[in-house]
Amino acid sequence: MSEPVLQIAIPTPLRRLFDYRPPAGADPAALQAGIRIHVPFGHRQVIGLLTGITQTTEVPQHKLKRATAVLDSVPVLSAELLELLGWASRYYQHPIGEVMLNALPALLRREAQPVWRGSEHWQLTPAGIAAINEGLKRAPKQAALLATLRARPEGINAAELDSEHLNWRPVLKKLIDKGWVEMNLRSTLPPPSANLLQPPALTSAQRAAVEQLAGQLGQFHCSLLDGVTGSGKTEVYLQLIERVIAAGRQALVLVPEIGLTPQLVERFRARLNTPVAVLHSALNDQERYAAWLAARQGEAGVIIGTRSALFSPLPNPGLIIIDEEHDLSFKQQDGFRYSARDLAVLRAQKLDIPIVLGSATPSLESLHNVRQGRYQHLSLPERAGAAVFPRFIIQDVRGQKLEHGLSAQLLARMQQHLDQHSQVLLFLNRRGFAPVLMCHACGWHARCARCDAHLTVHRGQHKLRCHHCGSEQRLPGACPECQTEDLLPMGLGTERVEEALQARFPDARIIRIDRDTTRRKGALQELLRQIHAGEADILLGTQMLAKGHHFPEVTLVGMLDADYGLYSADFRASERMGQLILQVAGRAGRAERPGEVMIQTHHPDNPLLAQLAAHDYPAFAETLLQERAQAELPPYASLALIRAEAVDPRAALDFLQAARQAAGPTGSDQPLLLGPVPSPMERRAGRYRAQLLVQSGDRQTLQRFLQHWLVRIEQLPDSRRVRWSVDVDPLEMF
DNA sequence: AGCACGCCGACT
DNA sequence: GTCGGCGTGCTC
């Protein structure tokens, strides 16, 4: 009898599995698909994943090696996940070994037998409690930290402290030295709260949605929960999850990167009678492994996380929720370029459980799926509570003299709202002081040495910075070409608007929120706290300000420049602009004072703006869908984008040209190849970039084509001298 | 991607 | 004489 052959996924960019003989003396019963296994690979030992067992192999006997050791007694990937990942590897054309191993927590990728040591958290000691009662007048920082600790008798970890305190470590050290605080290691998730909050009353639409969805638990259903901002989608999720937990099953909740805030997690923990495992980028490897274990052991009834949490083990699957399903962060933008939203739908289907895609501004893809009858449509048309929709004002700024980007009308309205002690929110999707620095004498522009881009002026830090490669230099005092000291910052950024606002409204307290003001850990949380505490009058920011946060005191929203999305090279720009405008608008308005949204534009007659202003997202989406259908773009066609980059100016284009040749003749039943062309920003970080677009009306056709074509591309002589990648269903077209 | 092998230039 | 440059080839 011959030995079985193990098919192993190896973390390498090679697009295949590798065959091995079983480890010496291995128990055949121990060789289950989904276990990790040590194997010799080339000249090193690696951790691979057993995906299957066969009896035959094409590999010649002399090449076939013996695996070294079985590492797991229980599979780390269930059959269900193995199948999903195999499918994803084929669909996204990404090497199977990288796909499989990436689905595991880093600790399992690296270590044969990781040890869970527990995560650090801190608690007050009885002496600490006594100290608070005595009062600490001379040490305000210590007092503040003690207050936080007192509010969390079950203990608080580093990530949570980061969100509430700046530079807390030295202060904490003092408290530990005094014996007021002790560090403990927690081995499991915090247990569910002893006194859970009661669910609030639902609106009729919320109740209808919950009932409809609850009636469908136990089998696959994909529903689009189309709920305007403020309509209470989260409450629908919570009540649905309560039923899933009551049935002894698990719910997986995926949220966008910026959506996963401590407040959201708190809300889940305060309501749900189950341990909640949280997976996000700020976790260290130990914490990530702990959350993964809690999911796999079924201890966590809810797993909430960003994109990669999709691959969490779910021994008792009951429900998947994708919140803000239109959000771009569900698509990974490098390496394994998967869409967590799309794969989640497939996972739910394979698990035969329901999935809910929630959004106030659904993606055109999802709306299309509703029309095709693939998704069920549930809508929450009203804002919960007494909140009213804001009124839109389309402000024509053509020919107007703008004061640092602000029209007279917007300034006047701001004054009105500020006089009524309301908050005003201004949105400008450009950070820094000015996007261009020009010499008034000779016309010189500050350009990045490594990119085809202007350098942005950051006046506060006296820097010129490239927003594409991150390089920076001192702000010059004089033109490097003609030495004239007459350099003009041109155009607007949030920093400049902030300065202008401060001059225009000297008494207003202004808070700017963009990547520059929130870089420090915990800085965003602190600014948000100030806003909620009413310590701000004007909020100014980039899209960070638009997503996920709720500002009940804001009654006026101003979009300084809505035009960039209307006529862009990227066919998705207008969809995104619309979603952003409605999201920003959703920040305004509450019971007593309905909000206003002023949109400054040079295209006041654009029908898309009119549809948004009428709160008619369906009509807006319909217009865009018709455009997409006409242009044969997604969701009416499938796309794949091959990107290439190289230091040599011609290499990327030449490589893609060769790739195009390698595709052979294109018939009418074959996908269309468009390009290669230089990328919209050809040079970035010192590399020249190009792209080749593949388009087909049929997904399957595109799949089959890519599968054969990529093998040929890999055999091209330049395929190792040029950095290249495939992006199936690309969202960003450059 | 790693990693080793291999064949030509300037060094203790 | 050899250290090391990165081209080329392989990974069951």
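This is a predicted model: local features need pLDDT of at least 70, side-chain atom pairs count only at pLDDT 80 or more; totals for chains, interfaces and linings use all residues.
Residues are numbered from 1 along each chain as its sequence is written, chains are lettered from A and ligands numbered from 1 in the order in which they are written, and side-chain values use heavy atoms, with hydrogens and water left out.

Let me stay with DNA strand C. A residue is near a strand or molecule if one of its heavy atoms lies within 4 Å of it, and of the 13 residues around DNA strand C, the nearest are D19, V59, K63, K65 and R720. Two of these lysines also reach phosphate oxygens of DNA strand C: K63 has a side-chain N or O atom 3.0 Å away from one, and for K65 the distance from a polar side-chain atom is 2.2 Å. Among the atoms of DNA strand C within 4 Å of the protein, 48% belong to sugar or phosphate, and the rest belong to bases. The largest share of this surface, 3 residues, is supplied by β2, a strand in the sense of a DSSP run of E with at least two residues, just as helices are runs of H or I with at least four, both numbered from the N terminus.

Turning to DNA strand B, we find P13, H43, R44 and R720 around it, and sugar and phosphate make up 43% of its atoms that come within 4 Å of the protein. Here R720 places a polar side-chain atom 2.7 Å from a base oxygen.

Now for the sheets. Strands of a sheet pair through backbone hydrogen bonds, either parallel or antiparallel, and here two strands are said to pair if DSSP finds at least two bridges between them. One open sheet has 7 strands in the order β11-β12-β10-β13-β14-β9-β15, with parallel pairing. Because β11 (276-279) and β15 (376-380) stand at the edges with a single partner strand each, one side of each is left without a neighbour in the sheet. Within it, β11 pairs with β12 (residues 302-305) over 4 bridges, and V276 stands opposite V302. Helix α12 (residues 340-351) packs on this sheet, touching β9, β10, β13 and β14, where contact means heavy atoms within 4.5 Å. The direction of α12 makes about 160° with that of β13; such angles run from 0 to 180 degrees between N-to-C directions, with axes fitted to C-alpha atoms, for helices over the stretch in contact.

A further open sheet is formed by 6 strands, ordered β16-β26-β25-β17-β24-β23, again with parallel pairing. Its edge strands are β16 (391-396) and β23 (510-513). Strands β17 and β24 pair over 4 bridges, and L426 stands opposite L540 in β24.

Finally, which residues does UniProt mark as "binding site"? The unreviewed entry lists C448, C451, C466 and C469; its positions are given in the numbering used here, feature names are shortened, and annotations may be inferred rather than shown by experiment.

Technical notes: A polar contact is a pair of N or O atoms within 3.5 Å; within protein, one must be able to donate a hydrogen and the other to accept it, and residues adjacent in sequence count only if both atoms are side-chain atoms.
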